[in-house]
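My notes follow in the order in which I looked things up.

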Amino acid sequence: MAIKGNSGELKSRSSASIFIVIGLCCFFYILGAWQRSGFGKGDKIASAITKQTDCSVISNLNYETHHGDDVVTADGSDKAAKEFPSCHAKYVDYTPCQDQIRAMTFPRDNMIYRERHCPPEDEKLQCLIPAPKGYATPFPWPQSRDYVPFANAPYKSLTVEKAVQNWIQYEGNVFRFPGGGTQFPQGADTYINQLASAIPIDNGMVRTALDTGCGVASLGAYLFKKNVITMSFAPRDSHEAQVQFALERGVPAVIGVLGSIKMPFATRAFDMAHCSRCLIPWGENDGLYMMEVDRVLRPGGYWVLSGPPINWRTYFGAWKRPKEDLEEEQRKIEEIARLLCWEKLDELGDIAVWKKRTNYDLCRQQDIKPNLCEPSYPDDVWYKKMEACVTPYPKSTKSYEEWKPFPDRLNAIPPRISSGSVPGVSVDMYQEDIQIWEKHVKSYKSINNLIDSGRFRNIMDMNAGLGSFAAALDSPKLWVMNVMPTIAEKDTLGVISDRGLIGIYHDWCEAFSTYPRTYDLIHANGIFSLYKDKCKAEDILLEMDRILRPEGSVIIRDNVNVLVKVKKIVGGMRWDARMVDHEDGPLVSEK
């Protein structure tokens, strides 16, 4: 950087400089004569240095960071990066924690065998999951909603099994998704318009939805038209690859099931929950599953049930079930809904809609009151068993009674922060976080110009904090899966949900509940520092490689010393990596 100085000071400085230069010349003349006399033993060294040294001014300085080009071990040796081989082709669609063979060793009661069962440390793969033969880059959104390359998920069973229901069709080298479903063979648009007659989907009041037993996630795919983002989930079962199809289409989805453990979502996370013939026994287990849905529904949220037993009088013959069984099933559901203090809004043919009360005032007047859960931390859900109790409303429900539509709520003060229910997070900290991540994302876009191009549709934030990375990226071209590490110092997943974003709890010492090759861009802020003493960095990186699409990108933000080690590991994974300085300059240790 050039600085223009004062001309008066320059003259006095010039005279002093002349005397200093003359003095130095005399000193080095005498020193040189002494060395050449034979008494100086450093003459050869001095000569060599003189030849090698160029004291001329360099005009093309490189300001890129040069940390970590070589990693030297404690003993001073420079060990080559460990090379990770490709896994056998049989692992092309490997899901470590939902492995089909391992699943069969667990009980079938309450779908326990379809829950997460991760491999022990000595069975973790130390190789790179290969792409299937003929793998193609997914189509850009919105084309990807309707078409998926056959080679990316080469499973035709659903085209036969669900042919009448318009789920999926095989056409040449692509799958086509007409937008149908078991309960909406006329298309998702028609079905969503039916819902909109009872639920305020069009005005931003419903922004986040949960689709249980989602199939190929056509509901979530078409709700994007209404600016509603849907967390879809389904088990890895006989309907092979339904979640994989959802993600290939560019729709948020995870492998999951309502079984014996709580869903990995924050309390009061969704504006709407939906089940379309999802085969979940809602009336069984003392209403356990409806109570879990109640936990993740915000006050004022909606629950939609379509398919059996709704409208059983019309369909009992087609369903091949006795009238008495269906009538009793619906009676149990209605009874549990009343116990939960839900208001039934409508029954539109095959669709029934309930609304959770915005506060608990009316519920106190009920003759039969539900068993309330113990006043513990309601978001402690990771591998925790579901309980037949109702999660209490928050102490103050005013924010939910004055619920903001989206996108207003994206950067508004979330209710959990304004009420002070997130320890260590103030309003000022939240607003500062928004500004920081707007700055970070602007820098990311200057480094990787594909971020805003539509090339990256499925994005993951491995350590989402307050969700400001996703908020800064907000665009109809993309969506972000916000992940809250279970070991994070501050649990802020509820704040993310309040902002109209989707998120999930996860422990990065284990595999994520998704198929290989499902994300275009992965963002990892401080994840390796967080897990430094918890599990191996290479295991986390191998998992990132598994879920990253070919030619996808990763942004890792961390301390330079951590990144030096990470950069060496990814060198053995055949990633093209480079380290870039912090936006505030090279003196900042975060890179």
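**Entry 1**

I note here that the model is a predicted one. I then looked up the strands around that bridge. β1 and β3 (residues 174–176) are paired antiparallel, over three bridges. They belong to an open sheet of three strands, ordered β1-β3-β2, and the pairing is antiparallel. I listed β1 (147–149) and β2 (169–171) as the edge strands, since each pairs on one side only.

**Entry 2: the largest cavity**

Next I counted cavities of 30 Å³ or more and found six. The largest of them has a volume of about 290 Å³. Its lining has 22 residues, and those closest to the centre are Arg116, Ile255, Gly256, Pro264 and Ser513. I checked which strands contribute: β6 (253–255) and β13 (503–506) each give at least two residues to the lining of the largest cavity. β13 gives the most, three residues. By class I have 14 nonpolar, four polar and four charged residues in this lining.

**Entry 3**

I put the second largest cavity at about 80 Å³. It is lined by 13 residues, and Gln98, Ala103, Tyr113, Arg114 and Glu115 are the closest to its centre. Helix α3 (residues 100–103) provides the largest share of this lining, three residues. I sorted the lining of the second largest cavity into five nonpolar, three polar and five charged residues.

**Entry 4: the largest pocket**

I moved on to the open spaces. The largest pocket holds about 1100 Å³. It has 39 lining residues, and nearest its centre I find Ser553, Val554, Trp575, Asp576 and Ala577. Which element gives the most to the lining of this pocket? β15 does, with 10 residues. I also noted the elements that supply at least two lining residues each, among them α15 (427–447), α19 (537–547), β15 (548–557) and α20 (560–571). The class count for the largest pocket is 19 nonpolar, six polar and 14 charged residues.

**Entry 5: the second largest pocket**

For the second largest pocket I recorded about 970 Å³. Of its 40 lining residues, Arg268, Ser376, Tyr377, Pro378 and Asp379 are the closest to the centre. I find that helices α9 (288–296), α12 (398–401), α14 (415–418) and α17 (493–498) each supply at least two residues of this lining. The lining of the second largest pocket divides into 18 nonpolar, nine polar and 13 charged residues.

How values were computed. Residues are numbered from 1 along each chain as its sequence is written. This is a predicted model: local features need pLDDT of at least 70, side-chain atom pairs count only at pLDDT 80 or more; totals for chains, interfaces and linings use all residues. Side-chain values use heavy atoms; hydrogens and water are left out. On a 1 Å grid over the protein atoms alone, a cavity is a set of points where a 1.4 Å probe fits but cannot get out, and a pocket is an open set with protein on both sides within 12 Å along at least five of seven lines; lining residues have an atom within 4 Å of a point. Grid points are joined across faces, edges and corners, and a volume is the space filled by probe spheres set on the points. Helices (H or I, at least four residues) and strands (E, at least two) are DSSP runs, numbered from the N terminus. Ala, Val, Leu, Ile, Met, Phe, Trp, Tyr, Cys and Pro count as nonpolar, Asp, Glu, Lys and Arg as charged, and the others, Gly among them, as polar. Two strands pair if DSSP finds at least two bridges between them.
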